Amino acid sequence: MGSNVTGVLGDFPETPGTMAGGAAFQIAIYVIVSMIVLVGIVYLLGKALSNRKLEEWAKNEFLQVFISAAMVGGLFLLMAPGTGLIIIAFNSLVPTDAFATALSGYSGGCSGVSPDTVICYAYAYMGYLAFQIMNLMAGIFTVNIILDILSKISIDVIVVEVTPLSGLSSIVQVFNSILQSLFFLGIMVEVERALLIFVDKVALQMFLPIGVVLRTFFGTRKLGGALMALAVGIYLVFPLTIAMNAMAVTEVTTQAYTDTAASLMNLTSITSSTNPMAETEGTSSGDTVSTDQWNGVLEKLQSSVSSLTNAAMAIPTLMTTMISLLVVQVVFLPILSIMLTVISIKELANLFGSEINLSRFEV
Amino acid sequence: MDRKWLTLAAFIVLAGVFAAEGETIDLSNPSEASCGDSGNIVDFTCNIMKTLLTLGPMIAIIALVLAGITYVYANVFVTADQRGRYHTLATSLALGAIILLALVGGAGAISSAGSKLLTTG
């Protein structure tokens, strides 16, 4: 009965500075044993004093302690990370297809969360989305800088200053809005990744053991049940729904992302070759530029602006599609996942002898 | 004084007497338990469990003794028409004590089985 924690208990690692993991489960066993003896003593007192209330309390409490003991034993068998039956079955749901392999290449794959788990898959998927968003932002940023510079180029023709590409500034404004949207989506993705790390580090290591301990005390039974439901819900349901989202919509998004990235590349190459003053190269400052050279500049400018405008016009359409898909993946589907998680927590709380009142999530 | 409070007082006095004797009555053998003395919450809970495992059988034995005394008292000193109450009390005490002993035994079994399961995996 010492406090050495090995074997199955060792699978619930200690979190420094907190009463969690194996120690908490050890405490749960001590509390259960203590409660059984206490219930016996109260029952004896109830009998001796002919107090029906005490007897009833003891009987009811014995039943609850028995349920708690069954829960503790069951949780060791079912929920121990790596060895629990539910955890093994749950992690076997992670797809092993090419996409799953490809995901591991994005943003460090699963570094930061437990490997070979559904959480790992969901985390890598979110990393993939973050990678897409950051790449799009980088592409648009590059194009935007070039367009912004081009839109401000002015040609001084004797006494008249002409800014032939000033119309591009409207595209620059559109791209600025797109950048803001992508920035917001990038923050959302990182929030969801941080949430997954939190779930991975806290659900089974802290919430579940502490919930078990609290579940065994008659005064904190409902709080314990709620914590256990929270732990199981956020560990099992939330990452699983995120992983399902990944499997459902990634194929569509990947195609849209490829198209958008190709368009951005095309635009970048056009803008980088759009140098209307190339015709005047070799002419020193102060030299007079000939009429032929000016005609060359204007022709080059017309051609470049035409192709640049065509390419730039295609971008908003692609970007709108891309951002719409990203909003679905980064905002809408995770909200759905959170709703499903909350509903499952509510149902699990009933199962664990607690109740969580969420009137907005009633089903 | 009411019979219930008299019984409760007798419990407390006898429990104190037995507690002063130390761990002489130890059905579940909790003295084997080594709870550690680091003073953390695990050891604290372990010590509470150890105390209750010691106290439980003690109270059960006290209840059994009291049941016997009550039964004898009823048969010797109480008139036949009043005897039923004392017999009921004695029976309740004996029944409660037996149930308590069973629970303590079961709790001890749960504790040792749980510890074995958790430490061997």
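Ser50(A) is partly exposed, because 15 other C-beta atoms lie within 10 Å; a residue is called buried at 20 or more such atoms, exposed at 12 or fewer, and partly exposed in between, with C-beta atoms placed from the backbone. This is a predicted model, in which local features need pLDDT of at least 70, side-chain atom pairs count only at pLDDT 80 or more, and totals for chains, interfaces and linings use all residues. Residues are numbered from 1 along each chain as its sequence is written, while chains are lettered from A and ligands numbered from 1 in the order in which they are written. The predictor gives the complex an ipTM of 0.71 and a pTM of 0.67.

**Ser50(A) and its backbone**

- Ser50(A) is placed in the loop between α2 and α3 of chain A.
- The phi angle of Ser50(A) is near 50 degrees, which is a positive value in a residue other than glycine.
- As a general rule, most residues other than glycine have a negative phi.

**Make-up of the chains**

- Chain A contains 9 helices and 2 strands; helices (H or I, at least four residues) and strands (E, at least two) are DSSP runs, numbered from the N terminus.
- Along the sequence, the order of elements in chain A is α-α-α-α-α-α-β-β-α-α-α.
- Chain B has 3 helices and 0 strands, giving the pattern α-α-α.
- Of the 363 residues in chain A, 41% are buried, and of the 121 residues of chain B, 35% count as buried.
- In chain A, 67% of the contacts with a separation of 6 or more join residues 24 or more positions apart; two residues are in contact if their C-beta atoms, placed from the backbone, lie within 7 Å.
- The corresponding share in chain B is 63%.

**Confidence of the prediction**

- Chain A has a mean pLDDT of 77, and 74% of its residues reach 70 or more; pLDDT is the predictor's confidence in each residue, from 0 to 100.
- Chain B averages a pLDDT of 73, with 62% of the residues scoring at least 70.
- Within chain B, the lowest confidence is in helix α1 (residues 3-20), at a mean of 55, and the highest is in helix α2 (residues 41-77), at 86.
- Residues 17-28 of chain B have a pLDDT below 50, and this stretch has 19 contacts in the model beyond near neighbours in sequence.
- Where pLDDT is low, the predicted coordinates should not be read in detail.

**The largest nonpolar core**

- The largest nonpolar core has 117 residues; such a core is a set of buried Ala, Val, Leu, Ile, Met, Phe, Trp, Tyr and Cys residues joined through C-beta atoms within 7 Å.
- Among the residues with the most contacts inside this core are Ile32(A), Tyr125(A), Ala63(B) and Leu100(B).
- Helices that each supply at least two residues of this core include α2 (21-48), α3 (52-79) and α7 (168-216) of chain A, together with α2 and α3 (80-120) of chain B.
- The largest share of this core, 19 residues, comes from α7(A).
- Domain 1 (1-85) and domain 2 (93-361) of chain A both give residues to this core, so the core lies between them; these bounds come from an automatic or database domain assignment.
- Not counting residues up to four places away in sequence, Ala63(B) touches Leu44(A), Ala48(A), Leu93(B), Gly96(B) and Ala97(B).

**Helix α3 of chain A and Leu75(A)**

- α3(A) has 28 residues and reaches 39 Å from its first C-alpha to its last, close to the 40 Å expected at 1.5 Å a residue; the expected span is 1.5 Å times one less than the number of residues.
- The buried residues of α3(A) include Ala58(A), Val65(A), Leu75(A) and Met79(A).
- Leu75(A) counts as buried because it has 24 C-beta neighbours inside 10 Å.
- Beyond residues up to four places away in sequence, Leu75(A) touches Leu208(A) and Val212(A).

**Val113(A), a buried loop residue**

- Val113(A) is found in the loop between α5 (98-103) and α6 (118-151) of chain A.
- Val113(A) is buried, because 21 other C-beta atoms lie within 10 Å.
- Not counting residues up to four places away in sequence, the residues that Val113(A) touches include Ile119(A), Tyr123(A), Leu196(A) and Asp200(A).
- The C-alpha atoms of Val113(A) and Tyr123(A), 10 residues apart along the chain, are separated by 7.8 Å.
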